[in-house]
Amino acid sequence: MEETKTKTVENVETVDVYTAKGLLSTGHRYLDVRTNEEFAKSHAEEALNIPYMFKTDQGRVINPDFLPPVASVCKKDEHLIVACNSGGRASRACVDLLNAGYEHVANMGGGYSAWVDAGFAGDKPPEDLKIACKFRAKDN
């Protein structure tokens, strides 16, 4: 019997926003794991929003109920592009999804901020669409 190994961040495939956009046009689904507030500000067309973390008085905490809502809208054999604001939460969400048996998940490198920077979010100025991220270098 083959032993199943627990997946880690090293097992997560990361694709850039241009590859992600192409994959979405071929039937992949966009799973946005940002908070509801971030999603409400702006999001990719037809994105599903299931927060991976919540903001609390103690800082960000992992959503203990992340996987059940994903299972209610996504099959384990569906192809998913997972994104957050800059890539960190999404890569961790991908690990949880892989360990839960999802077969085709990819982290969108740079997250929704990179999506906006690539011009995929419409005509509004980027500052109207993005949430500031302390982990991402600011544009000069």
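A pocket is an open set of points on a 1 Å grid over the protein atoms alone, where a 1.4 Å probe fits, with protein on both sides within 12 Å along at least five of seven lines; lining residues have an atom within 4 Å of a point. A volume is the space filled by probe spheres set on the points, which are joined across faces, edges and corners. The model toured here is predicted: local features need pLDDT of at least 70 and side-chain atom pairs count only at pLDDT 80 or more, while totals for chains, interfaces and linings use all residues. Residues are numbered from 1 along each chain as its sequence is written, and side-chain values use heavy atoms, leaving out hydrogens and water.

**The pocket**

Select L24, Y30, A44, E45 and E46: of the 16 residues lining the largest pocket, these lie nearest its centre. The volume of this pocket is about 310 Å³. Two or more lining residues come from each of α1 (17-24), β2 (29-32) and α5 (111-117); helices (H or I, at least four residues) and strands (E, at least two) are DSSP runs numbered from the N terminus. The lining comprises nine nonpolar, three polar and four charged residues. Here Ala, Val, Leu, Ile, Met, Phe, Trp, Tyr, Cys and Pro count as nonpolar, Asp, Glu, Lys and Arg as charged, and the others, Gly among them, as polar.

**The cores**

Now select L31, V33, F66, V70, V82 and L97, which touch the most other members of the largest nonpolar core, a set of 21 residues. Such a core joins buried Ala, Val, Leu, Ile, Met, Phe, Trp, Tyr and Cys residues through side-chain atoms within 4.5 Å. β6 (79-83) and α4 (88-99) each supply at least two residues of this core, and α4 gives the largest share, six residues. Centre on V70: beyond its neighbours within four places in sequence, V70 is in contact (heavy atoms within 4.5 Å) with L31, I50, L97 and Y102. Another core, of 15 residues, lies apart from it and includes V15, I81, A83 and W115.

**K7**

Finish at K7, in the segment before β1 (13-15). K7 is partly exposed, because its relative accessibility is 34%. Sequence neighbours within four places aside, K7 is in contact with V95, L98 and N99.

Note on methods
Buried < 20%, exposed > 50% of the residue type's maximum accessible area, 1.4 Å probe, protein only.
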